[in-house]
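Subject: Structure handover

Hello,

Please load it before you read on.

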Amino acid sequence: LVTDAENTPPPPAASLFAAASYSNADNDVIVKVVNAGTVPLDLAIHLNGASDVSGSGTATVLSGDLSALNSCDQPMNVAPKTEPLTNLSASFTRTFPAHSVTILRFKAKKG
């Protein structure tokens, strides 16, 4: 025996990416989530250090079939959709669709 090796597959690539920021100018919390996976994900979001979280906001979501295309007949086939967010607090859960980019925006104060 000259060498001994195992052929193990690499670990799966990450399918979830997230970032959050805060706008001091207008007290907006902005949460960006990318779900590159093939299944929807239920995520818990915890806003450490936030107080007076507005109960509502907006979610802008781009998702759908990976092979979908826009055309002259269907120019909005692949386009982000904005929907209202309700019942928000410093901790909440949300389902992020498969193959999606989501931007959540709502008011909160540092505290």
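Below are notes on the salt bridges and on one surface patch.

First, the ground rules. This is a predicted model, so local features need pLDDT of at least 70, side-chain atom pairs count only at pLDDT 80 or more, and totals for chains, interfaces and linings use all residues. Residues are numbered from 1 along each chain as its sequence is written, and side-chain values use heavy atoms, with hydrogens and water left out.

Salt bridges

A search of the whole structure finds five salt bridges (a side-chain nitrogen of Lys or Arg within 4 Å of a carboxyl oxygen of Asp or Glu).

Arg-105 pairs with Asp-28, with the closest N and O atoms 2.7 Å apart. This pair links distant parts of the chain: Arg-105 sits in strand β8 (residues 100-107) and Asp-28 in strand β2 (residues 28-35), 77 residues apart. Strands here are DSSP runs of E with at least two residues, numbered from the N terminus. Asp-28 is buried, because its relative accessible area is 7%, and buried means under 20%. Arg-105 counts as partly exposed, at 34% relative accessibility; that class lies between buried and exposed, and exposed means over 50% (1.4 Å probe, protein chains only).

Arg-94 pairs with Glu-83, and their closest N and O atoms are 2.8 Å apart. Arg-94 belongs to strand β7 (residues 91-96) and Glu-83 to strand β6 (residues 81-86), 11 residues apart. Arg-94 is buried at 16%. Glu-83 is partly exposed at 33%. Elsewhere, salt bridges that share partners join Asp-26, Asp-28, Arg-105 and Lys-107 into one network.

Lys-109 pairs with Asp-52, with 3.7 Å between the closest N and O atoms. Lys-109 is in strand β9 (residues 109-110), while Asp-52 is in the loop between β4 (50-51) and β5, 57 residues apart. Asp-52 is exposed at 56%. Lys-109 is partly exposed at 43%.

Surface patch

Phe-17, Val-34, Leu-62, Val-78, Val-101 and Ile-103 make a nonpolar surface patch of about 430 Å². Patch residues have over 30% relative accessible area and no salt bridge; nonpolar side chains (Val, Leu, Ile, Met, Phe, Trp, Tyr) are joined within 5 Å, like charges within 9 Å. Areas come from the Shrake-Rupley method with a 1.4 Å probe; for residues, only the protein chains shown count as cover. Leu-62, one of the patch residues, lies in strand β5 (residues 56-63). Leu-62 counts as partly exposed because its relative accessibility is 35%.

Best wishes

Notes: Helix = DSSP H or I, 4+ residues; strand = E, 2+ residues; numbered from the N terminus.
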